[in-house]
Amino acid sequence: MTNAPRFPEEMGLSQDSSLERDAARLDACVGRLDEARKMVSSVIFGQNEAVEQTLIGILSGGHVLMVGAPGLGKSLLAHTLGKVLGLLDKRVQFTPDLMPADILGSEVLEEGADGKRAFRFIKGPVFCQLLLADEINRASPRTQSALLQAMQEREVSVAGYSHKLPEPFHVLATQNPLEQEGTYPLPEAQLDRFLLEVRLGYPDQDEERRIVTETTGRYPVRPRQVLQADDLAEAQDFVRRLPMPDRVLDTIIALCRECRPESTHMADIRDNVAWGPGTRAAQALSLACRARAMLFGRFAPSIEDIEALAVPVLRHRFGLTYGARAEGFTARGLITSALDYLQEK
């Protein structure tokens, strides 16, 4: 990255003198992020795309929803990221009988040495820097919604008092496929709070052989801390300071509008989508593209970043009609079609 060009005007990038002054720190930050990505990949085999997208979600300052069958490494990925990034991580196993107080905390009545009674707030597991909400869709909608304020406002309200959460604060939620027994669909408002939906698939034969060999031996690979919370906060600040080319921003806005039935030019979306991604989706895609550019040592995002991240950022913000599902339409296919349409224009 040291030899990369400095925001040339002919590329349509805005000058940012503060970034110019911080170029050395930015270079060092990118180097640490690359080391962190390699460290995570040394523990999580065969899921390079999922590792990359989850890191991008955290760099963007957002929350990530990980979807996949049990046993594919979702929980291990979250724990490994907490260790490598130097974050205080906690885990909540979501079950049908889990209550909101089990996540947020509650007040208990205590009697002091002087005999006086007073309420004391006992913090729940949400008071951490990286919360693994494991199998979030096995809990009731009421308990799922208990995370909403924490995810959006970075604080919780209990008994009329607000309690701020540590910084940074990220939720990595795992979700089993909805076809499995005992699962509940997440509310649309909660889905929209997740910056990306990361899908973990089955590894190929060679990768699966490596996983079995290296994880069942006497000395399995252990993750090593690479960053500290302050380093991550600095990286997140750099992400928001990276310049956004007008062409990339216009493409992000056009893509989100093309995915809405009210403003699309595509008949497939107009006829098969009940609701499309809102403005928060455009904000999320803008931040994710910046984060991906920095993760790969570039000064500004490009159209390539949109192509790589459009599906994980937008697919959980779609509402397909019943007829569309019956005919085999998917959010991924419609997003890809919208991208192709914009590129042909």
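Is cysteine 289 buried or exposed?

Modeller: Happy to! A word on the ground rules: this is a predicted model, where local features need pLDDT of at least 70 and side-chain atom pairs count only at pLDDT 80 or more, while totals for chains, interfaces and linings use all residues. Residues are numbered from 1 along each chain as its sequence is written, and side-chain values use heavy atoms, with hydrogens and water left out.

Cysteine 289 is buried, with a relative accessible area of 0%; buried means under 20% relative accessible area, exposed over 50%, and partly exposed in between, using a 1.4 Å probe and protein chains only. Cysteine 256 counts as buried too, at 1% relative accessibility.

Now for the sulfurs. A disulfide is a pair of cysteine sulfur atoms within 2.5 Å, and a search of the whole structure turns up zero of them. For cysteine 256, the closest cysteine sulfur belongs to cysteine 259 and lies 6.7 Å away, so the two are too far apart for a bond. Cysteine 289 is in no disulfide either: its nearest cysteine sulfur is that of cysteine 256, at 9.9 Å.

Another buried residue is glutamine 175, at 9% relative accessibility. Glutamine 175 sits in strand E8, residues 170–175; strands (E, at least two residues) are DSSP runs, numbered from the N terminus. Apart from neighbours within four places in sequence, glutamine 175 has contacts (heavy atoms within 4.5 Å) that include Leu65, Met66, Ile136 and Leu186.

Technical notes
Helices (H or I, at least four residues) and strands (E, at least two) are DSSP runs, numbered from the N terminus.
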